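I open this notebook to record what I looked up in one structure. The entries follow the order of my reading.

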Amino acid sequence: MKVIDYLKRSPGETIVSFEILPPLKGGSMNDIFKLLDPLMEFNPPFIDVTYHREEFIYQKKESGYYEKTAIRKRPGTVGICAAIMHHYKIEAVPHLICGGFSREETENALIDLNFLNIKNVLALRGDAMQFETKFKPEQGGHHYAVDLVKQIHSMNRGVYLDSNIENGSKTDFCIGIAGYPEKHFEAPNMEMDIQYLKEKINAGGEYIVTQMFFDNEKFFEFEQKCRAAGIHVPIIPGLKPLTRRYQLNSIPRRFFVNMPDDLVKSVNQAQSDDAVRQAGIEWCIQQSRELLDRGVPCLHYYTMGDAETTKKVVSAIA
Ligand code: FAD
């Protein structure tokens, strides 16, 4: 079933979903099952699986010189999605990015997904590679997520890149896209960012999943601005409980989001690692309860490999 159908099924009812990362190379599918098993009691209709492109590392060679090598530390997104669907009989949503893919490679990846009966994708641009100052598309690849959405939408109409294909079979992907309650860091302002968001909807995006945020007001303002701009698709808030003191700095640096004063205060007042984690969990529970009261269609939790913390939050609101 498509994510959009779950979101539309019962107006006023809120579903819960989770995002997971593929294990580091060398890990096993059991690592994923161990993470997801404790979360299944919340009946998530879908699980998102992130995509990680290659990173550069410097490897020491016998000569003593270092060589720059590209490796993928977390491969396996598509295989993990297929395994989740088979094991739990729920939907899995692979993240698909522009970075590192030519259009042909994207088309081939979509054909694989279609053959695996994976009906949902989250279409993203991806970030700049390490050591690059800005995002560079692959040769023959997409510059922006909107172009990827257009390609998927074309395949949904049976249009493939190869113009010799006549009557190509139509795929039936439900396309999710990303939104930023505190603005994407590269956008000149919120209005432009929302205009580009709207282009992704016009191109075929059916729902929005947001970047994590810690101040619900930012989400409500964003939602209001989207509606005012004529964006009427479901908007799913993305949530992550803060668990370590250093995240007060690392999360804003990595995700360009603000930490509210009260959260910073309660984390700084915490006297132990456990107390910091508890403060983060309580904050996320409060956020979740308020969002539930406002009738969001879904609460989407970034697990980042930590099922126990996520479970504490969701148990408190279930
Ligand atoms: P876009 O929508 O292309 O936007 C990127 C920037 O370009 C924005 O500033 C936008 O305002 C601007 N822009 C858009 N269109 C145009 C245009 N036509 N002209 C000029 N400017 C334009 N990354 C991964 O690598 N793997 C993942 O699995 C992953 N999952 C994610 C899940 C969620 C829910 C979110 C919110 C992010 C995720 N990311 C992931 C990170 C994402 O790839 C980055 O945030 C990336 O920098 C932007 O992706 P996007 O799809 O929002 O890009």
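I begin with a definition: two strands pair if DSSP finds at least two bridges between them. Helices (H or I, at least four residues) and strands (E, at least two) are DSSP runs, numbered from the N terminus. The model is predicted, so I note that local features need pLDDT of at least 70, that side-chain atom pairs count only at pLDDT 80 or more, and that totals for chains, interfaces and linings use all residues. Residues are numbered from 1 along each chain as its sequence is written, and side-chain values use heavy atoms, with hydrogens and water left out.

**Entry 1: the hairpin.** I looked up strand E3 (residues 55–60) and strand E4 (residues 66–71), and I found 6 bridges pairing them in the antiparallel sense. Lys60 has Tyr66 in E4 as its bridge partner. Between the strands of this hairpin lie 5 residues, and Gly64 has a positive phi near 95 degrees.

**Entry 2: the barrel.** In which order do the 8 strands close into a barrel? I read the order as E1-E2-E5-E6-E7-E8-E9-E10, with parallel pairing. On average, neighbouring strands of this sheet are turned by 30 degrees against each other, direction ignored. Axes here are lines fitted to C-alpha atoms, for helices over the stretch in contact, and angles run from 0 to 180 degrees between N-to-C directions. I then followed strand E7 (residues 174–179), which runs parallel to E8 and is joined to it by 4 bridges. Gly179 stands opposite Thr210 in E8.

**Entry 3: helices on the sheet.** Contact means heavy atoms within 4.5 Å. I found H6 packed on the sheet, where H6 touches E7 and E8 and its direction makes about 175 degrees with that of E7. Helix H7 (residues 216–228) also packs on the sheet, touching E7, E8 and strand E9 (235–239), and its direction makes about 160 degrees with that of E9.

**Entry 4: the ligand.** A residue is near a molecule if one of its heavy atoms lies within 4 Å of it. I noted 23 residues around the ligand, of which Asp127, Tyr180, His184, Asp193 and Lys200 come nearest. By class, the shell has 12 nonpolar, 5 polar and 6 charged residues. H6 gives the largest share, 4 residues.

A side-chain N or O atom of His95 is 2.8 Å from an oxygen atom of the ligand. For Ala187, a backbone N or O atom lies 3.3 Å from a ligand oxygen atom.

Notes. A polar contact is a pair of N or O atoms within 3.5 Å; within protein, one must be able to donate a hydrogen and the other to accept it, and residues adjacent in sequence count only if both atoms are side-chain atoms. Ala, Val, Leu, Ile, Met, Phe, Trp, Tyr, Cys and Pro count as nonpolar, Asp, Glu, Lys and Arg as charged, and the others, Gly among them, as polar.
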